[in-house]
Amino acid sequence: MLIRPETSEDTLAIRTVTAEAFWGQEHSAPPQEADGAPGEATLVGLLRDDEAWIPGFSLVAEHEGRVVGHVVATRAHVESYDALGLGPLSVAPELQRQGVGSTLMTALIDAADERGEQLIALLGDPAYYSRFGFSPAADLGIQAPDPTWGAAFQVRPLGAYDGFTGVFRYAEPFSRL
């Protein structure tokens, strides 16, 4: 398996793998387009077209020439501090629970740390994301955009984190779902 930055040729494959990964999932965002694909598939395109997009923080997993996974992080903020908002993380259903998502997550965290980012936040299953060093955001004084998210809103401080606190804000396209 090869982990690499997204290229322009990957756009359709990323939409496909994201739609497949989120189709029928309990917490999936509602469809935003006529094809009925889960909202996460549309979100990636909206993020790609937004000023919050950061080249190099959209990674694909390629296996035998096929995109089988994708993860993206975009510019977000905690008050006036820069942070990253992670998501979605998508893996082709037939390859889930085989390490593709873990490999993508590790690569993205490493890339963000190497570039001097301070913090990554996400909304997801604590049982899954805790293995990557994520913990409830409230434990670090970071408030979720929606207080009902509770422990599912998590943060991962990176090496440059200087302890800032406050309310987290995702890139604007997240508000469209």
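Colleague: Why is E117 called buried in this predicted model?

Modeller: Its relative accessibility comes to 10%, and buried means under 20%, so E117 counts as buried.

Colleague: What makes E117 and R75 a salt bridge?

Modeller: The N to O distance between their side chains is 2.8 Å. The cut-off is a side-chain nitrogen of Lys or Arg within 4 Å of a carboxyl oxygen of Asp or Glu, so E117 and R75 form a salt bridge. E117 lies in the loop between α3 and β5, and R75 in strand β3, so the pair ties together parts that are 42 residues apart in sequence.

Colleague: And which salt bridge involves E94?

Modeller: E94 pairs with R66, again at 2.8 Å, N to O. E94 sits in the loop between β4 and α3 while R66 belongs to strand β3, so parts 28 residues apart in sequence are tied together.

Colleague: Let's turn to α3. How do you know that the length of helix α3 agrees with what it should span?

Modeller: Helix α3 has 15 residues, 100–114.

Colleague: Which residues of α3 are buried, and what makes them one face of the helix?

Modeller: V100, G101, L104, M105, L108, I109, A111 and A112 are buried. Seen down the axis of α3, the buried residues fall within an arc of 165°, so they line one face. Just after α3, G116 takes a positive phi of about 80°.

Colleague: What does α3 give to the largest nonpolar core?

Modeller: That core has 31 residues, and F57, V71, M105, I120 and F134 touch the most other members. Elements supplying at least two residues each include α1, β2, β3, β4, α3 and β5, and α3 gives the most, with 7 residues.

Colleague: What is F57 in contact with?

Modeller: Leaving aside neighbours within four places in sequence, F57 is in contact with V71, V72, A73, L84, L108, A111, A112, R115 and E117. There's a second, separate core as well, of 21 residues, which includes A52, A76, I142 and F153.

Colleague: Last one, S90 in strand β4. Why is S90 called buried?

Modeller: S90 has 1% relative accessibility, against a cut-off of under 20%, so S90 counts as buried.

Colleague: What makes S90 and T18 a polar contact?

Modeller: A polar contact joins their side chains at 3.3 Å, and the limit for such a pair of N or O atoms is 3.5 Å. Beyond residues up to four places away in sequence, S90 touches V17, T18, A21, F22, V68, G69, H70 and L104.

Definitions and conventions
Residues numbered from 1 in each chain as written. Predicted model: local features only at pLDDT ≥ 70, side-chain atom pairs only at ≥ 80, totals over all residues. Heavy atoms only, no water. Helix = DSSP H or I, 4+ residues; strand = E, 2+ residues; numbered from the N terminus. Buried < 20%, exposed > 50% of the residue type's maximum accessible area, 1.4 Å probe, protein only. Polar contact = N/O pair within 3.5 Å; in protein donor to acceptor, adjacent residues only side chain to side chain. Contact = heavy atoms within 4.5 Å. Expected span 1.5 Å × (residues − 1). Arc of directions from axis to C-beta. Core = buried A, V, L, I, M, F, W, Y, C linked by side-chain atoms within 4.5 Å.
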